[in-house]
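Open the model in your viewer and keep the selection tool ready. This tour goes stop by stop.

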Amino acid sequence: MTTPEAIKSLLGNDIFLSAIFSLCIAQILKMAVYLLTSKHKKMRIAIVTAIWRTGGMPSSHSAIVCSLATTTALSEGIDSNIFVFSLIFAMVVLRDALGVRRAAGMQARALNNLGKQTAEKTGIEFRTIKEIQGHTPLEVTVGALLGIVIAVGFHFI
């Protein structure tokens, strides 16, 4: 298969499209949540949120892997090896979003507090590190449901 044919095939693949669409919608919703809830709205932060930011409502990681697993189940069947792979992959990502990444975010918050206190006492410059790395259970649930709904939509529309 030539490169243009491969790209055309990829862009016509429901599994690929639903996963990418889920990612994009989750990031756009994340930007909307920022704009609706932030006291100090900055367009630059809103755009960075839509394009790149992790953490927050809804979880784009959850949306993409749940969309991937759901579309695979609907198109290949739940008895297929690729569905089993995508399901296990989704479970690992969801667990990571709730556990490891969340714990890393809480540790970052503690380090920032410690760094700020030390900087105030010693006068040494301290730059904070990113704190929002993981997700709350609600953020993961909303992201997962978003991915599932989008996958079902892609399959039946």
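Helices here are DSSP runs (H or I, at least four residues), numbered from the N terminus. This is a predicted model: local features need pLDDT of at least 70, side-chain atom pairs count only at pLDDT 80 or more, and totals for chains, interfaces and linings use all residues. Residues are numbered from 1 along each chain as its sequence is written, and side-chain values use heavy atoms, with hydrogens and water left out.

**Stop one: Ser22**

Select Ser22, in helix α2 (residues 14–37). Is Ser22 buried or exposed? Ser22 is buried, at 0% relative accessibility. Buried means under 20% relative accessible area, exposed over 50%, and partly exposed in between (1.4 Å probe, protein chains only). Now show the neighbours of Ser22. Leaving aside residues up to four places away in sequence, Ser22 touches Ala63, Ile64, Ser67, Leu146, Gly147 and Ile150. Contact means heavy atoms within 4.5 Å.

**Stop two: Thr71**

Go to Thr71 in helix α4 (residues 60–76). Thr71 is buried too, with a relative accessible area of 1%. Which side chain does Thr71 meet in a polar contact of 2.6 Å? That of Ser18. The side chain of Thr71 also reaches the backbone oxygen of Ser67, at 2.8 Å. Next, draw a line from Thr71 to Ile148: they are 77 residues apart in sequence, yet 8.1 Å apart in space, C-alpha to C-alpha.

**Stop three: aromatic rings**

Rings of Phe, Tyr and Trp (its six-membered ring) pair if their centres lie within 6.5 Å; planes under 30 degrees apart count as stacked, over 60 as edge-to-face and the rest as tilted. The count comes to two aromatic pairs. Select Phe21 and Phe154: their centres are 5.6 Å apart and their planes at 65°, so the pair is edge-to-face. This pair links distant parts of the chain, with Phe21 in helix α2 and Phe154 in helix α7, 133 residues apart. Then select Phe85 and Phe89, a stacked pair at 6.5 Å centre to centre, with 0° between the planes. They sit four residues apart in helix α5 (residues 81–98), so about one helical turn separates them. Phe85 is exposed at 57%, while Phe89 is partly exposed at 38%.

How values were computed: Helix = DSSP H or I, 4+ residues; strand = E, 2+ residues; numbered from the N terminus. Polar contact = N/O pair within 3.5 Å; in protein donor to acceptor, adjacent residues only side chain to side chain.
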